[in-house]
Amino acid sequence: MANSGVVISGIGQSAVGKRLDRTAMSLTVDAVKDALANAGLTRDDIDGVSCYPGARPDMPHFGPIGANQLIDALRLKVNWYSSGLEGGAQLAAIINGYAAIKAGLARHVLCFRTVKEGSGGASWKDAARARMERSRVWGEYQWQLPFNAISAMQWLAPYAQRHFHLYGTRREHLGAIAVNGRRNALLNPKRMYDKPLSLDDYLAMPFLSSPFCLLDCDAPTDASTVIILSSAEAAADLACTPIYIDSIGSALTTRPSWDQVDVPRMAAFDAGRMLWGRTDHKPGDVDVAQLYDGFSFLTLTWLEALGFCGEGESGTFVEGGARIALEGELPLNTNGGQLSAGRTHGFGFVHEAVTQLRGAGGDRQVNRDVKLAVAAAGGGPMAGCLLLARH
């Protein structure tokens, strides 16, 4: 699928930080302007919009802006638009935009993810408590909320604990993900933390939900990230090097539930199987990997799911951190990931993959010719991944 007909033509990102004195719409418009300039396109060129998860009045900091609001604010005239929570995790917005271009429904699709979680307020935890106050709990929450499992950390911790039990994974392996992310983030101007992190620092942190501590959790941010997709026919007219979407993975063959599945496997394995089944490339061809770290254990899961190591071998793979460092055989989360560069909720990984493929990473740029990158997002029953190529 190297000539899939869809390219990433532009990327943009607003300021990233905690408690920014900016509205969600203001941050989104900044990211849109950045991406349009990066692609060499104008607002009039955009004929499609896709976002995740759409506007969520029940969680206004998690989903503050939807497609309708942005279309209206920018006075866009579109032929296709979409937003929603269900699908291939956060990257469903990009996968849907890809499909729309392939179907001929749009030529330039603006995909965005905006968060105001750095400012606090309503969250998954708050929304879960609100559901508990209803007379009846419904859907998947009937298996979680009655047991006071109101946080994704609590949903994921049993997966990690089971992985520890089956394969001998240790906290030092989770720590390697956190330490590597912090080291890379210190080279990123948009980092969330300025203080170096050692493995001893990590191990000294108290548990929140065993085996996780605070440093296993991503850092809430205020930010907006925009990825513009275009038909490859437009590539010659773009301002920046087009990055081709070589393959996608979004399969879900397990049950769409956090706890009614075969732990420790997750939907990431289904998505990974789909990704490699749609390309001639192999895991060993990948130059950089940007793998979801909403919690550190999810990065271990993606390393296995995408075939960078065998199932159960991810702890050994990252041990000591040399293999995943910027100068290692598989540079991982080169912008610092969500653990240290902030929870841009999946889209930041695509932004960073494109940055590395274009050789625009500055101090954190990998010291090799980066031609192939993978970006992945999601956990539990949600997963999406992209294989991106520079021709």
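I started with what counts as a helix or strand here: helices (H or I, at least four residues) and strands (E, at least two) are DSSP runs, numbered from the N terminus. I noted that this is a predicted model, in which local features need pLDDT of at least 70 and side-chain atom pairs count only at pLDDT 80 or more, while totals for chains, interfaces and linings use all residues. Residues are numbered from 1 along each chain as its sequence is written, and side-chain values use heavy atoms, with hydrogens and water left out.

**Entry: helix α9**

I looked up the spot just after α9 and found Gly-307 there, with a positive phi of about 80 degrees. Then I checked burial, where buried means under 20% relative accessible area, exposed means over 50%, and partly exposed is in between (1.4 Å probe, protein chains only). In α9, 10 of the 10 residues are buried, so the helix is largely enclosed by the rest of the structure. Among them are Phe-297, Leu-300, Trp-302 and Glu-304.

**Entry: α5 against α9**

How are two packed helices described? By the angle between their axes and the distance between the axes. The axes are lines fitted to C-alpha atoms, for helices over the stretch in contact, and angles run from 0 to 180 degrees between N-to-C directions. For α5 (residues 152-167) and α9 (residues 296-305) I got an angle of about 60 degrees, with the axes 10 Å apart. That pair is therefore oblique; under 35 degrees counts as roughly parallel, over 145 as roughly antiparallel, 65 to 115 as roughly perpendicular and the rest as oblique.

The crossing of α5 and α9 is left-handed, meaning the near helix is turned anticlockwise from the far one by less than a right angle; clockwise would be right-handed. I listed who meets whom, with contact meaning heavy atoms within 4.5 Å. Leu-156, Tyr-159, Ala-160 and His-163 come from α5, and Phe-297, Leu-298 and Glu-304 from α9. I sorted the residues of this contact into 5 nonpolar, 1 polar and 1 charged. For that sorting, Ala, Val, Leu, Ile, Met, Phe, Trp, Tyr, Cys and Pro count as nonpolar, Asp, Glu, Lys and Arg as charged, and the others, Gly among them, as polar.

**Entry: helix α2**

Which residues of α2 (residues 67-74) are buried? I found Ala-67, Leu-70, Ile-71 and Leu-74. Seen down the axis, they fall within an arc of 100 degrees, so they line one face of α2; the arc is that of the directions from the helix axis to the C-beta atoms. I remembered that an α-helix has 3.6 residues a turn, so residues three or four places apart point the same way. Asn-68 and Asp-72 are exposed on the other side of α2. The cover over its buried residues includes α1 (24-39), β2 (48-51), β3 (80-83) and β4 (108-116). Just after α2, I found Arg-75 with a positive phi of about 55 degrees.

**Entry: α1 against α2**

The α1 and α2 axes are 11 Å apart, at an angle of about 70 degrees. That makes the two helices roughly perpendicular. The crossing is right-handed. Met-25, Thr-28, Val-29 and Val-32 of α1 touch Gln-69, Leu-70, Ala-73 and Leu-74 of α2. This contact has 6 nonpolar, 2 polar and no charged residues.

I finished with Arg-191, in the loop between α6 (171-185) and α7 (199-203). At 30% relative accessibility, Arg-191 is partly exposed. Leaving aside neighbours within four places in sequence, Arg-191 contacts Ala-185, Leu-186, Ser-340 and Ala-341.
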